[in-house]
Amino acid sequence: MASSDMGLFSSFVLIFVSAAFTDNILLARFLGMCSCLGVSKKVDTSLGLGVAVVFVTASTAVLNYLVYNYLLVPLGIEYLKLIIFIVVIAAFVQIVEMIIERVSEKLYNALGIFLPLITVNCAILGASLFMLNKPYTLLQAFGFGLGCGFGWFLAITLIGGIRERINEAAVPKGLEGPGITLIIIGIMALAFVGFSGMIKI
Amino acid sequence: MLASVLLSVAFLTGSGLVLAFLVVFAERRILDYGQCTIDINQGEKRLVVQGGDSLLSSLAQQQIFIPSACGGRGSCAYCKVRVLEGAGAIGPVEAPHLKPAEREAGVRLSCQVKVRGDLRIEVPRHLFSVKRYTGRLVRKRPLTYDILELTIELIEPETIDFVAGQYVQLESEEYKGREPVMRAYSMASPPSDKRRIQLMIRLVPNGICTTWVFEHLKEGQSVHLSGPYGEFRLTDTEAPILFIAGGSGMAPIWSMLRDMEERGIRRQATYFFGALTQRDLFLVEELSEMARRNDWFTFVPALSKEPEESDWKGERGLITDVLRRHMPDTSAHEGYLCGSPGMINACIAVLKEGGMPEEKIYYDKFT
């Protein structure tokens, strides 16, 4: 449990680290696997999607936190959280896409095709839903969202790097493509198990 | 119970509305690029369009039709246009379609270039008169075992103006997972018939468009095409003409001949039509009849693989040999050729041997 006597900042950092490493959303909870498998062929595309996911996860965690605590709870309709979260994420992603397109064409070209993918990335919805399991404050919720996103970013970038290297190696025919990628993800998940128990919140 | 149902429904509807409104509002405000000017061919045309659409659709709204088959998805790569200024960076969708030399020249896929500001582009002039047509297939008639004649009635726009020898791009529809493509086919009908066009299509084994035409396209179905394109046409001289065609290369020649007859052009014309065997011949009756009607016209069908013992009384041998036998001196003639690249190259060699200057040889090669 996040102890209330802990400083505001240290609890934020703790939640961030725990979400990013011990409870890595991709490698410990296996969420957001589809876009990870699809996009992790190269490091630069992995980075692009990863950054987009960090941004969207953190922002939607805050938005959904506000919607949940200040709209759904007072009205007593918490059971609508799933559908509402999905719509909020979709609308947010769409608006962000427009803003990026307008503000920086370069960033838009780099991220452009990944942004819409995020709408259906279960890691983002997962972050918003898991956040409700703990009695977080708004700042802690933000830290949690940021941590989830960063964990996903870290995992996909590492996987992208390994996959780039593997392209140069002779992989047995039957394992090429998704096969070897899943094995890599499995081994990395094992490595991330090493973090478990490190922080208990 | 009822209250909670109503509350959830109202909340869902309300939040949906609010978010939808937000998105619409954002699109209006954020993606408003205002009026943009598109300068075509260094000031030849200036279009003022509302920014935000793709270059392809902005041009189409102004009645300039860049060829495009995939509907702007960036997969057919037909809609290439030179953008001199204002296009922005090459996006991930178009990158695989652009060769290094094209990138250097500023070639872009117009369906992927968004009009975000003023643009300067270059468009081939003949595209200005090109239109996109919706028509209906009124007749599908086999000419031989592997060549079909399509008769298409134009619906929107209702008429087409073209010169005999020009072609249209027929758009195939998606079938069995094969993506839509555009293929060029010459008009076989004379230009006087503005409301209907006829095309001759030979089945290409495993060809995307021809398989669609042969197996999926039905009479009565609507079809899309754009045109007219092409520079293959009769000159205004009085020089005697040598037409040479093989297979479905018949189409533009048949259009030219009927056009000549209708308009009273009385240039001497000899038509060498090459085929393998008798079952590859078509329109022989019509052409022979035309030759009987008009003393200026001679029709010479020639078969290269016809069995020796058959009843064929016409010419035998490769079209080049037949041509050489009939026309030893071609120095005063003009040549109009349509067919496969192999046939055309061989015939050009023979015509030059006979004294025809290269600039008097006009051709339309199948690609």
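B:Glu289 and B:Arg292 both belong to helix 6 (residues 284-293) of chain B, three residues apart, about one turn of the helix. Helices here are DSSP runs of H or I with at least four residues, strands are runs of E with at least two, and both are numbered from the N terminus. The side chains of B:Glu289 and B:Arg292 form a salt bridge (3.2 Å, N to O). A salt bridge is a side-chain nitrogen of Lys or Arg within 4 Å of a carboxyl oxygen of Asp or Glu. B:Glu289 is partly exposed, at 34% relative accessible area. B:Arg292 is exposed, at 59%. Buried means under 20% relative accessible area, exposed over 50%, and partly exposed in between (1.4 Å probe, protein chains only).

The model is predicted: local features need pLDDT of at least 70, side-chain atom pairs count only at pLDDT 80 or more, and totals for chains, interfaces and linings use all residues. Residues are numbered from 1 along each chain as its sequence is written, chains are lettered from A and ligands numbered from 1 in the order in which they are written, and side-chain values use heavy atoms, with hydrogens and water left out.

Over all chains, the count is 27 salt bridges. One of them joins B:Arg263 to B:Asp259, with the closest N and O atoms 3.2 Å apart. Both residues lie in helix 5 (residues 250-263) of chain B, four residues apart, about one turn of the helix. B:Arg263 is exposed, at 57% relative accessibility. B:Asp259 is buried, at 9%. Another salt bridge links the side chains of B:Arg46 and B:Asp39 (3.4 Å, N to O). B:Arg46 is exposed, with a relative accessible area of 56%, whereas B:Asp39 is buried at 9%.

Chain B also holds an open sheet of five strands, in the order 2-1-5-3-4, with mixed pairing. Two strands pair if DSSP finds at least two bridges between them. Strand 2 (45-50) and strand 4 (107-109) stand at the edges; each has a single partner strand, so one side of each is left without a neighbour in the sheet. Neighbouring strands are turned by 40 degrees against each other on average, direction ignored. For such angles, axes are lines fitted to C-alpha atoms, for helices over the stretch in contact, and angles run from 0 to 180 degrees between N-to-C directions. Strand 1 (residues 35-40) and strand 5 (residues 119-122) run parallel and are joined by three bridges. B:Ile40 has B:Ile121 of strand 5 as its bridge partner.

The two chains meet at an interface. About 1,900 Å² is buried between chain B and chain A, and carbon and sulfur atoms give 73% of this area. Buried area is the accessible area (1.4 Å probe) that two parts lose on being put together, summed over both. The contact takes 22 residues from chain B and 21 from chain A. Contact means heavy atoms within 4.5 Å. Two salt bridges are counted between the chains. In one of these, the side chains of B:Lys114 and A:Glu101 meet (2.4 Å, N to O).

A:Cys34 is in no disulfide, and the nearest cysteine sulfur, that of A:Cys122, is 4.7 Å away. That distance is too far for a bond. A:Cys34 is exposed, at 54% relative accessibility. A:Cys122 is partly exposed, at 31%.

Methods:
Disulfide = S-S within 2.5 Å.
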